[in-house]
Amino acid sequence: DLPHDFSIIQKFDYTQRSLSHFKSSGTTGFLPGGIGYYHKDFVLPKRDNATVIINFDGAYNDTLVSVNGHLVGNNKYGYNPFAFDISNYIKADGKTVNKLDVTVRHEYITSSRWYPGSGIYRDVNISVLDKVHIAHNGTYVTTPDLEQEAGKQSTVNVEVEVENSNKGSRTTYVENRVVDAQGNPVTSWTKSKSERIQSCESKTFNSQLKVNNPKLWSAEHPNLYYVETQVVSGDKVVDQYKTRFGFRYYKFDRSGFSVNGKLVKLHGVCLHHDQGALGAASYSDAMYRQLCIMKEMGMNAVRTSHNCPDQDFLR
């Protein structure tokens, strides 16, 4: 039952000597750490020749992941997203029960000087992909000449990293187009040149698209677009992905900070990742409520503590 913080449900300890070395401290909210064990049984639909990736948005803090009795990975930092390829340890046949075990250790009093929480406090999901697929976080979208092109035809550069997990090489190309927030195309599909990707290697495909007079993003008018990406291998679309972005340019100079040529005063707040009495578990509704209250106060900028923020917080 995720997200989950196993420190927030424990008793406050002001002696700083609880649970042996699983100590608590005023710097971490007087709540002890410990070890959390998580288990899940699940069946994957039948899928031949698949790459299966398990994605963690964050777990605090030393995380061991096992699938069907095999240790597949270890992550030792409590805030970063991480992912493991579990294709060799899992059955995707529509009937076999797969067993996922996760151990999360939070054992040291000196791990933070703020309340960090403990356990799998962010989302987890599984991606079932073709052997030829877009790499994890493998798209990169920029609008490098927007200041000169604003109000005219604007350039969108798209880089897509594609991986090949097959035993042999594959000839592959990528198609991209831009759509608006409602899904209406604002460019046609642009096809990259074909590349041969060797086994267990990757290649980056570059595309350039032109959007006529895009709506600019600002804090008052947060206009968004998407790049839709298709990976084609063997005359078949084997992967699809959407990357959200906005058109905006900014400057810091002696006049101050400007967005799209307009001076903006930064009214900022510092927000750590926890939600007070709810603990560190990343409840989407709680984060949304928090940000709404901040905006009603006049906030237009956020400093997200010292670490990678939650993906739902960014969304």
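Strand E8 (132-142) gives the lining of the second largest pocket its largest share, seven residues. The model is predicted: local features require pLDDT of at least 70 and side-chain atom pairs pLDDT 80 or more, whereas totals for chains, interfaces and linings use all residues. Residues are numbered from 1 along each chain as its sequence is written, and side-chain values use heavy atoms, without hydrogens and water.

**Second largest pocket**
- This pocket (an open set of points on a 1 Å grid over the protein atoms alone, where a 1.4 Å probe fits, with protein on both sides within 12 Å along at least five of seven lines) holds about 1,100 Å³ of space, the volume being that filled by probe spheres set on points joined across faces, edges and corners.
- Its lining comprises 36 residues, each with an atom within 4 Å of a point.
- Asn55, His136, Asn137, Tyr241 and Gln311 lie nearest the centre of the second largest pocket.
- Elements supplying at least two lining residues each include strand E2 (50-56), strand E7 (124-130) and H3; these are DSSP runs numbered from the N terminus (helices: H or I, at least four residues; strands: E, at least two).
- The lining divides into 12 nonpolar, 14 polar and 10 charged residues, where Ala, Val, Leu, Ile, Met, Phe, Trp, Tyr, Cys and Pro count as nonpolar, Asp, Glu, Lys and Arg as charged, and the others, Gly among them, as polar.

**Largest pocket**
- The largest pocket has a volume of about 1,800 Å³.
- Trp217, Ala219, Pro222, Asn300 and Leu314 are the closest to its centre among 38 lining residues.
- Helix H2 (284-296) is one of the elements giving two or more residues to this lining, and its six residues form the largest share.
- By class, the lining of the largest pocket has 21 nonpolar, 10 polar and seven charged residues.
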